[in-house]
Amino acid sequence: MAPPRRMDHGRIDADDAVCVAASRGMNRTLISTVAALAALGLAGCSSSNTPAASRPGDTAPTAPLDAARAFKAISASVASARLSSTVTAASDANHLLGRPGQYTSKITFSDSRIPKSDTAGSKPGDVLLGGAVEVFEKPEDAANRAKYIQAVTRGMSALAEYDYVHGTTVVRVSHYLTPEQAAPYKAAADNLP
């Protein structure tokens, strides 16, 4: 700000004195206002040292669903289900694990209610022995997989199976189980996260 004008006698003009005093008061008010706003802004941006999961009302983030976690939930409801294998890219007979639009994890399981005589000649991990759980990245990929399986097995009773889709998960169940025996798998699939 420019210094006040001086008159002939080196004195500050009265009008200049009023302007200087007013501007100093305004500067103090402006500075105080800016400081207060800055303090409020910083307080609003501050972070808490309390982890999000331990704040009241917050829940811990859950890990993404995979086939092993899905099967654990299913087997809690279906006592006759036993884990057979966890499928890897190297052991996947379909060569689909991890491929675009295909399952990201898969397990196979057996069901003790299926008589061994019905599955003679089946290989370990075959859906006929109990079933499989396949988890996909997107729900539409899971739905597409179930539609594909149904289209391929339609008309071939030896390959028929129950397929239950819930979100990103497809639960495949052997046709050697009766509809009543397969129903708990559907109920468990419907309760998956």
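The model is predicted, so local features need pLDDT of at least 70, side-chain atom pairs count only at pLDDT 80 or more, and totals for chains, interfaces and linings use all residues. Residues are numbered from 1 along each chain as its sequence is written, and side-chain values use heavy atoms, with hydrogens and water left out.

Five strands form an open sheet, in the order 1-2-3-5-4, with antiparallel pairing. Strand 1 and strand 4 (161–166) are the edges, and each pairs on one side only. Strands here are DSSP runs of E, at least two residues, and helices are runs of H or I, at least four, numbered from the N terminus. Two strands pair if DSSP finds at least two bridges between them. Strand 2 and strand 3 (residues 130–136) pair over seven bridges. There, Ser-105 stands opposite Val-135 of strand 3.

Now the pocket. What volume does the largest pocket have? About 660 Å³. A pocket is an open set of points on a 1 Å grid over the protein atoms alone, where a 1.4 Å probe fits, with protein on both sides within 12 Å along at least five of seven lines; lining residues have an atom within 4 Å of a point. The volume is the space filled by probe spheres set on the points, which are joined across faces, edges and corners. The lining has 26 residues, with Asn-94, Lys-106, Gly-125, Asp-126 and Val-127 nearest the centre. Helix 3 gives the largest share, five residues. Strand 1 (81–86), strand 2 (103–111) and helix 3 (139–153) each supply at least two.
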